[in-house]
Amino acid sequence: MLKLELFPTLRRFVPFAPTSEDDNYPSPNLQAIEDYWNGLRGDRAMPARADIDPMDIVPHLPFVGLVDVLEGGHDFRFRLLGTALDYVFGDYYTGWRLSEIEREDLRRIFTAAFLPPTREGKPHRHSGLLTVSQNEHLEYELLVLPLSRDGVRPDMLFLCWSFTPLSAAGLPS
């Protein structure tokens, strides 16, 4: 496993955007990605991976990911994770199956976030706290959007993360 060194402070790397006008999202990045996904799907239940053009979402790429749905949702493979996510998670998980990840906290987060859109074929938001190191904590919001080649059954998930750095006391820093 390749261990990545975290920056001394995540504030240099993890931008926090003030609350948008839409109170449903603390970050305009999540709203922009959901709007993009909705535009791609049109009148379909969900778009396909082939519909996504990375050039359309360049500013968001460090915070997005693609995850393959395996075995009907009993496992998942991280096909692609943005560079910001490698630093936040402290490892390079691209190519890994969820079942191979040793960090129990990450497995719980991913399982809770991935199962609803895989089963329902609808967008899902998941939020909580993530400990990056003894003195670095993040509040996160994860938007998980299903993708499907056949337009019916999700076979991939499109992720976008938003992070807010917290102090050791749990207050925004």
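Me: Which residues does tryptophan 161 touch, leaving out those up to four places away in sequence?
Reply: This is a predicted model. In it, tryptophan 161 touches Leu30, Phe63, Leu85, Phe89, Ile109, Phe110, Tyr140, Glu141 and Leu142.

Me: And which residues touch the most other members in the largest nonpolar core?
Reply: Phe89, Phe110, Phe114, Leu159 and Trp161. That core has 30 residues.

Me: Which elements give two or more residues to this core?
Reply: Strand 1, strand 2, helix 2 (83-89), helix 3 (104-120), strand 3 (124-133), strand 4 (136-147) and strand 5 (156-166). Helix 3 gives the largest share, six residues.

Me: What about a second core, how many residues are in it?
Reply: The second core is separate and has 15 residues. Among them are Ile33, Val64, Leu145 and Met156.

Me: Switching to strands. How do strand 1 and strand 2 run, parallel or antiparallel?
Reply: Antiparallel. Six bridges join strand 1 (residues 64-70) to strand 2 (residues 75-81). Leucine 70 has aspartate 75 in strand 2 as its bridge partner.

Me: What phi does glutamate 71 take in that hairpin?
Reply: A positive one, near 50 degrees. The hairpin has four residues between the strands.

Me: Now the surface. Which residues form a nonpolar patch there?
Reply: Met55, Val58 and Leu61. Together they have about 280 Å² of accessible area.

Me: Where is valine 58 found?
Reply: In the loop between helix 1 (28-41) and strand 1.

Me: Why call valine 58 partly exposed?
Reply: Because its relative accessible area is 41%, and partly exposed covers the range between under 20% for buried and over 50% for exposed.

How values were computed. Residues numbered from 1 in each chain as written. Predicted model: local features only at pLDDT ≥ 70, side-chain atom pairs only at ≥ 80, totals over all residues. Heavy atoms only, no water. Pairing = 2+ DSSP bridges. Patch = residues over 30% accessible without salt bridge, like charges linked within 9 Å, V, L, I, M, F, W, Y side chains within 5 Å. Areas by Shrake-Rupley, 256 points an atom, 1.4 Å probe, with all protein chains shown as cover. Salt bridge = Lys/Arg side-chain N within 4 Å of Asp/Glu carboxyl O. Buried < 20%, exposed > 50% of the residue type's maximum accessible area, 1.4 Å probe, protein only. Core = buried A, V, L, I, M, F, W, Y, C linked by side-chain atoms within 4.5 Å. Contact = heavy atoms within 4.5 Å.
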